[in-house]
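Trainee: Please take one part of this model and walk me through it closely. I would like the residues, their surroundings and the wider setting in one account.

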Amino acid sequence: GGARTRIEGASRKGFLLGFKKGKNGYIHQEDYAEKLRPRTEEELRAIQEEEEREVADATAKHETAGMIAAEALEVLLQRCRPGASVAALCEQGDALVADGLRKMF
């Protein structure tokens, strides 16, 4: 009981040394200082362009995943019949999604 608590507390304090609580969890103080340093217009523009590219990439991947899922559901809906095996439909759906992902990525 007590010894375990002391060890956990000690390791947690050791972990937090050199770290600062940020918006998305703890970040190392050196990284935090880098985030706070003044930026030139060119650096700010480059950061914004990178963030826009990342958002565009994520959006494209989500749209593609949505299309793959919609196509798989369309095929599965046609295969739904009274007495059809739910397990078999799930396996077929998994295979359709996996195949679609392989083709796209």
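Mentor: A residue counts as buried under 20% relative accessible area and as exposed over 50%, with partly exposed in between. Keep those cut-offs in mind for what follows. The model is predicted.

Take helix α4. This helix covers residues 86-104, which makes 19 residues. From first C-alpha to last, α4 reaches 27 Å. That is close to the 27 Å expected at 1.5 Å a residue.

Now sort the residues of α4 by exposure. Leu89, Gly93 and Gly100 are buried. Viewed down the axis of α4, the buried residues fall within an arc of 40°, so they line one face of the helix. Turn to the other side of α4, and Glu91, Asp94 and Arg102 are exposed there.

What lies over the buried face? The cover on the buried residues of α4 includes α3, residues 41-79.

Next, the start of α4. Serine 85 sits in the loop between α3 and α4. With a relative accessibility of 38%, serine 85 counts as partly exposed, because that value falls between the two cut-offs. A side-chain oxygen of serine 85 comes to within 3.4 Å of the backbone nitrogen of alanine 87. A polar atom of the serine 85 side chain lies 3.1 Å from the backbone nitrogen of alanine 88.

Now cross over to α3. This helix has 39 residues and reaches 57 Å from its first C-alpha to its last. Again the span is close to expectation, here 57 Å at 1.5 Å a residue. Its buried residues are Thr64, Ile68, Ala72 and Leu76.

Start with threonine 64, a residue of helix α3. Its relative accessibility is 14%, so threonine 64 counts as buried. Set aside the neighbours within four places in sequence, and threonine 64 is in contact with Met104 and Phe105. Residue 104 closes the range of α4, which runs over 86-104.

Alanine 65 belongs to helix α3. At 33% relative accessibility, alanine 65 counts as partly exposed. Glycine 100 is one of the buried residues of α4.

Alanine 69 is also found in helix α3. Alanine 69 counts as partly exposed, with a relative accessibility of 33%. From alanine 69 to aspartate 94 the C-alpha distance is 9.7 Å, and the separation in sequence is 25 residues. Asp94 is among the exposed residues of α4.

Step back to the whole chain. Its secondary structure comes to four helices and two strands. From the N terminus on, the order is α-β-β-α-α-α. Of the 105 residues, 8% count as buried. The chain exposes about 9000 Å², and carbon and sulfur atoms supply 57% of that area. Take contacts between residues at least 6 apart in sequence: 26% of them join residues at least 24 apart.

Last, the confidence. The pLDDT averages 80 over the chain, and 69% of the residues score at least 70. Over residues 1-16 the pLDDT is below 50. That stretch has two contacts in the model beyond near neighbours in sequence.

To gather up the close look: the buried residues of α4 line one face of the helix. The cover on them includes α3. The other side carries exposed residues, Glu91, Asp94 and Arg102.

Notes: Residues numbered from 1 in each chain as written. Heavy atoms only, no water. Expected span 1.5 Å × (residues − 1). Buried < 20%, exposed > 50% of the residue type's maximum accessible area, 1.4 Å probe, protein only. Arc of directions from axis to C-beta. Contact = heavy atoms within 4.5 Å. Polar contact = N/O pair within 3.5 Å; in protein donor to acceptor, adjacent residues only side chain to side chain. pLDDT = per-residue confidence, 0-100. Areas by Shrake-Rupley, 256 points an atom, 1.4 Å probe, with all protein chains shown as cover.
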